[in-house]
Amino acid sequence: MQLSTAHHDERLTAPRSWWGIAVMTGLAGALMLLPLGTLPLLAGLVGGTALAGLVVSSYGSARVRVVNGALAVGDARIPVSALGEPEILDAEEARAWRTYKADTRAFMLMRSYVPTAVRIEVTDPADPTPYVYVSTREPQALVSALRAARAA
């Protein structure tokens, strides 16, 4: 049995309504192919639903983890030693940092369906990235994990 050293592990899955939209996309594909017969109709239903489901699944597969002394966000991995103090952003503040307060040099993992976020200053002088913005449903748990990883 393998023990995980992750202090925090969260998957930012897409909302259920998006899966309903994927099914409706398949239905639209089926209706477009209806004049061609039953077999094309079924192919449109299955193909359209599968394609839309693949898009929803890939977009909703982003992970936020604190593991082995690093913050792993999507494909990025940042050592906690290069990060400053994390700041929890409520829904209103998170929206502000996604829009008019945003810095184009920042690393941002944003999901519009996740209202809260954490912003962490990057303290590494060699890194031009000013901060990391991470959408999270569990901001307090992420901040606690970052602080615990820094203390370790």
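This is a predicted model: local features need pLDDT of at least 70, side-chain atom pairs count only at pLDDT 80 or more; totals for chains, interfaces and linings use all residues.
Me: Is Asn68 buried or exposed, and how do you know?

Reply: The scale is relative accessible area: buried is under 20%, exposed is over 50%, and partly exposed is in between (1.4 Å probe, protein chains only). Asn68 comes out at 54%, so it counts as exposed.

Me: Why is Met108 called partly exposed?

Reply: Met108 has 23% relative accessibility, so it falls in the in-between class. This residue lies in strand S6. Beyond its neighbours within four places in sequence, Met108 is in contact (heavy atoms within 4.5 Å) with Trp97, Arg98, Ala102, Tyr131 and Tyr133. Met108 and Tyr133 are 25 residues apart in sequence, but their C-alpha atoms are 4.6 Å apart.

Me: Which strands make up the open sheet, and in what order?

Reply: Four strands, in the order S5-S7-S8-S6, with mixed pairing. Two strands pair if DSSP finds at least two bridges between them. S5 and S7 have five bridges and run antiparallel, and S7 and S8 also pair in the antiparallel sense over five bridges.

Me: What makes S5 and S6 edge strands?

Reply: Strand S5 (83–89) and strand S6 (107–109) each pair on one side only. From one strand to the next, the twist averages 15°. S7 is mostly covered, with five of its six residues buried.

Me: How does H4 run relative to S5?

Reply: H4 lies across S5, S7 and S8, and makes an angle of about 165° with S5. That angle is between N-to-C directions on a 0 to 180 degrees scale, using lines fitted to C-alpha atoms (for helices, over the stretch in contact).

Me: What counts as a nonpolar core, and how many residues does the largest one have?

Reply: A core is a set of buried Ala, Val, Leu, Ile, Met, Phe, Trp, Tyr and Cys residues joined through side-chain atoms within 4.5 Å. The largest here has 26 residues, and those with the most contacts inside it are Val64, Val66, Leu71, Leu83, Val132, Leu142 and Leu146. Elements giving two or more residues include helix H2 (38–59), strand S3 (70–73) and helix H4 (139–151). H4 gives the largest share, five residues. Apart from this core lies another, of seven residues, among them Leu89, Ala106, Ala117 and Tyr133.

Me: Why is the Trp18 and Tyr113 pair called edge-to-face?

Reply: Rings of Phe, Tyr and Trp (its six-membered ring) pair if their centres lie within 6.5 Å; planes under 30 degrees apart are stacked, over 60 edge-to-face, and the rest tilted. By this rule there are four aromatic pairs. For Trp18 and Tyr113 the centres are 5.1 Å apart and the planes are at 80°, so the pair is edge-to-face. Trp18 sits in helix H1 (residues 16–33) and Tyr113 in the loop between S6 and S7, so the pair ties together parts 95 residues apart in sequence. Trp18 is partly exposed at 25%, whereas Tyr113, at 15%, counts as buried.

Me: What makes Trp97 and Tyr131 a pair, and of which kind?

Reply: Their ring centres are 5.3 Å apart and the planes are at 75°, so this is an edge-to-face pair. Trp97 belongs to helix H3 (residues 91–98) and Tyr131 to strand S8, 34 residues apart. Both are buried.

Me: How do you know that Arg119 lies over the face of Trp97?

Reply: The test asks for NZ of Lys or CZ of Arg within 6 Å of the ring centre and within 35 degrees of the ring normal. Arg119 is 4.0 Å from the ring centre of Trp97. The charged end of Arg111 likewise sits over the ring of Tyr59, 4.1 Å from its centre. Tyr59 also forms one aromatic cluster with Trp18 and Tyr113.

How values were computed. Residues are numbered from 1 along each chain as its sequence is written. Side-chain values use heavy atoms; hydrogens and water are left out.
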